[in-house]
Amino acid sequence: MNHNQPVYTDNDPQSELVTLNLGPTHPATHGVFQNVLQLDGERIVSGVSTIGYIHRAFEKIAEHRPFYQITPLTDRLNYCSSPINNMGWHMTVEKLLNITVPKRVDYLRIIVMELARISDHIICNTIIAQDTGATTTFLYLFQFREHIYEIYEEICGARLTTNIGRIGGFERDFNDIAFTKINKFLKEFPVALREFESLLNRNRIFIDRTAGVACVTPEQALDYSWSGPLLRATGVDYDVRVSEPYCSYDEFDFEVPVGTSGDIYDRYLVRNEEMWQSVSLIEQAMEKLKGEPAGVFHADVPDFYLPAKEEVYNNMEALIYHFKIVMGEIDAPKAEVYHAVEGGNGELGFYLINDGGRTPYRLHFRRPSFINYSMYAKMSEGMLLSDAIINMSSMNIIAGELDA
Amino acid sequence: MAEVNNSSVIQLLADRFGAKVSGVNEPYGLLTVETTKDVITDVLRFLKETEGAAFSFLTDITAVHYPETNHIAVVYHLHNMVNKIRIRVKVFIHEHTPTIPTATVLWNGANWMERETYDFFGVKFEGHPNLKRILNMDELNVHPMLKQYPLEDPNRVDKKDEYFGR
């Protein structure tokens with residue numbers, strides 16, 4: 001295994017190898033990544049990935065912050081699908097505290113998480129298209145991310161780093177405008193996605209660029225601990241939503257798409273199909289919401305669920321509780337818990353050790369981008385430089401999740 | 001295929017390793033065992049390759065520092081995707097001699113996980129092909145997740161923890 005060995009430096013003047021610094025800031029890498037490549041013509045002989053350019057010490061910070069102050073940190077992991085991270089963190093704490101949330105909250109969460117998954121996959125798939133030369137599709141589908149952000153805005157007031165939700169539910173109920181916008185999205189997005197697929201799925205240029213490039217076998221993928229759409233594109237049907245259902249995913253009817261060869265084209269197809277499944281999940285959740293009592297948007301856990309702002313401003317008791325909760329004054333069980341959710345890029349895990357203090361004793365994020373990316377340099381060996389670029393796009397490496 | 005569950009795995013481990021595997025616990029349903037660093041590679045290989053355990057997927061490697069007992073716990077999360085069970089394996093090593101055999105002989109995915117653990121806790125994974133810092137700069141001369149290192153610059157006077165209720 002010669003993965004990630006030191007850079008091969010060849011001082012032989014006859015050598016025809018060229019050292020190329022791809023990144024840290026390069027327009028084609030969509031983030032802060034550096035790869036030092038040895039090139040023989042256009043072919044990559046070896047490469048070394050250097051990461052950590054936006055490392056922000058989240059795990060250290062988390063050891064000094066009460067639970068509610070950790071939610072904004074999770075926003076900044078995979079910032080293309082922050083709500084999944086937020087929900088994953090809330091569910092981890094709920095698991096620690098043995099809180100059961102009402103069904104309606106589960107369904108609302110599924111709506112938000114699947115919207116986030118769609119926005120994450122839109123980024124990845126449109127960027128594969130962009131990097132293979134199809135700018136139209138990129139601009140065309142990208143506007144739906146804007147619509148998703150508008151829905152977030154109605155739900156929580158923020159767009160990118162959402163900080164959605166509370167331990168036990170949401171800070172407020174979805175308003176009518178939010179539901180109207182979700183329904184509008186459900187009507188308009190499938191039309192656009194179908195058109196997107198019709199532009200690319202059978203596109204000769206796109207297939208020539210992507211099919212058979214960067215093939216990964218299931219054995220390699222599992223060996224490198226891959227998860228998410230990348231693993232599924234190799235043919236392994238592992239999805240945390242099915243394997244360990246959380247948030248009532250087991251009540252829903254959806255399929256886990258898998259690929260066959262693990263190449264870039266398969267990853268693209270898997271992500272596209274997941275968007276269709278997400279649309280169907282949101283539709284099912286909207287349908288199920290009709291059978292649930294309106295106005296329920298959080299569990300009855302006054303010890304951990306922040307009181308309503310009107311109460312806090314007008315009522316001493318609520319004010320005290322507000323401060324106690326924000327400052328982490330309320331005891332949580334001394335325990336350790338691992339909770340995983342299916343993030344946009346794979347298994348997003350939270351390993352939380354609580355020792356009864358205000359803050360976690362230790363919090364570790366299992367970040368799928370970090371773990372998936374470890375194969376990148378190895379995969380690039382023998383590949384054309386232009387293929388390595390779209391390979392990186394198709395892995396959807398998000399710098400925030402890579403570096404934590 | 002025989003059913004694989006927490007109790008069957010506990011039985012398998014007890015038969016094979018006896019007292020070398022201890023501290024069996026199931027917090028929130030996740031089987032947790034402790035072992036020692038002289039058998040950790042054997043334990044991981046056994047868990048990965050034995051039929052009836054088949055934890056073939058390495059989910060994560062990380063560490064936890066316990067300064068009161070002078071220990072660093074290296075924590076492995078393994079996953080059996082077919083039977084949908086997980087196991088957590090902990091190894092307590094002394095913080096002054098933080099060495100443990102590498103798991104890269106079993107999974108290539110362990111490479112970066114161990115580099116991250118080394119970077120933040122100083123755990124030296126013996127036999128690792130390229131054990132160097134991954135997220136922090138190479139010039140950093142501490143392993144910042146150890147508990148003795150404060151979050152913020154201790155010389156600052158305007159950010160004392162007690163002012164912030166921390």
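Predicted model: local features only at pLDDT ≥ 70, side-chain atom pairs only at ≥ 80, totals over all residues.
**Exercise 1. The build of chain A**

Task: Find how many helices and strands chain A has, and decide whether the chain is as compact as a globular protein of its length.

Solution: 
- Start with the elements. Chain A holds 17 helices and six strands.
- Next, take the radius of gyration, which is 22 Å for chain A. The globule rule gives 22 Å for 404 residues. The two values are close, so chain A is as compact as a globular protein of that length.
- The C-alpha trace of chain A spans about 80 × 45 × 35 Å along its principal axes.
- Look at burial. Of the 404 residues in chain A, 50% are buried.
- Finish with the contacts. Among those in chain A with a separation of 6 or more, 70% join residues 24 or more positions apart.

**Exercise 2. A span from a record**

Task: State which residues of chain A UniProt lists as a domain, and describe that span.

Solution: 
- Read the record. An unreviewed UniProt entry lists residues 131–403 of chain A as "domain: NADH-quinone oxidoreductase subunit D".
- Turn to the model. The end C-alpha atoms of residues 131–403 of chain A are 24 Å apart.
- Check the make-up. This span is 51% helix and 8% strand.

**Exercise 3. One arginine in chain A**

Solution: 
- Count its surroundings. Buried needs 20 or more, and exposed needs 12 or fewer.
- List its contacts. Beyond its neighbours within four places in sequence, A:Arg145 touches A:Ser119 and A:Ile122.
- A:His121 is 24 residues away along the chain, and its C-alpha atom is 10.0 Å from that of A:Arg145.

**Exercise 4. The build of chain B**

Task: Give the order of the elements in chain B, then its burial.

Solution: 
- Count the elements. Chain B has three helices and seven strands.
- From the N terminus, they run α-β-β-α-β-β-β-β-α-β.
- Take the dimensions. The C-alpha trace of chain B spans about 65 × 35 × 25 Å along its principal axes.
- Check burial. Buried residues are 37% of the 166 in chain B.
- Check the contacts. With a separation of 6 or more, 51% of those in chain B link residues 24 or more positions apart.

**Exercise 5. Helix α3 of chain B**

Solution: 
- Check its cover. In α3(B), 12 of 12 residues are buried. Among them are B:Trp112, B:Tyr118 and B:Phe121.
- Look past the end. B:Gly122 follows α3(B), with a positive phi near 75°.

**Exercise 6. Where the chains meet**

Task: Describe the side of chain B that touches chain A.

Solution: 
- Count both sides. The contact uses 29 residues from chain B and 37 residues from chain A.
- Name the elements. In chain B, β3 and α3 each supply at least two residues of this side. The most come from β3(B), with six residues.
- Sort by class. This side of chain B has 15 nonpolar, 10 polar and four charged residues.

Note on methods. Residues numbered from 1 in each chain as written. Chains lettered and ligands numbered in written order. Buried ≥ 20, exposed ≤ 12 C-beta atoms within 10 Å, placed from the backbone. Helix = DSSP H or I, 4+ residues; strand = E, 2+ residues; numbered from the N terminus. UniProt positions renumbered as here; feature names shortened; annotations may be inferred. Contact = placed C-beta atoms within 7 Å. Nonpolar A, V, L, I, M, F, W, Y, C, P; charged D, E, K, R; others polar. Rg over C-alpha atoms; globule rule 2.2 N^0.38 Å.
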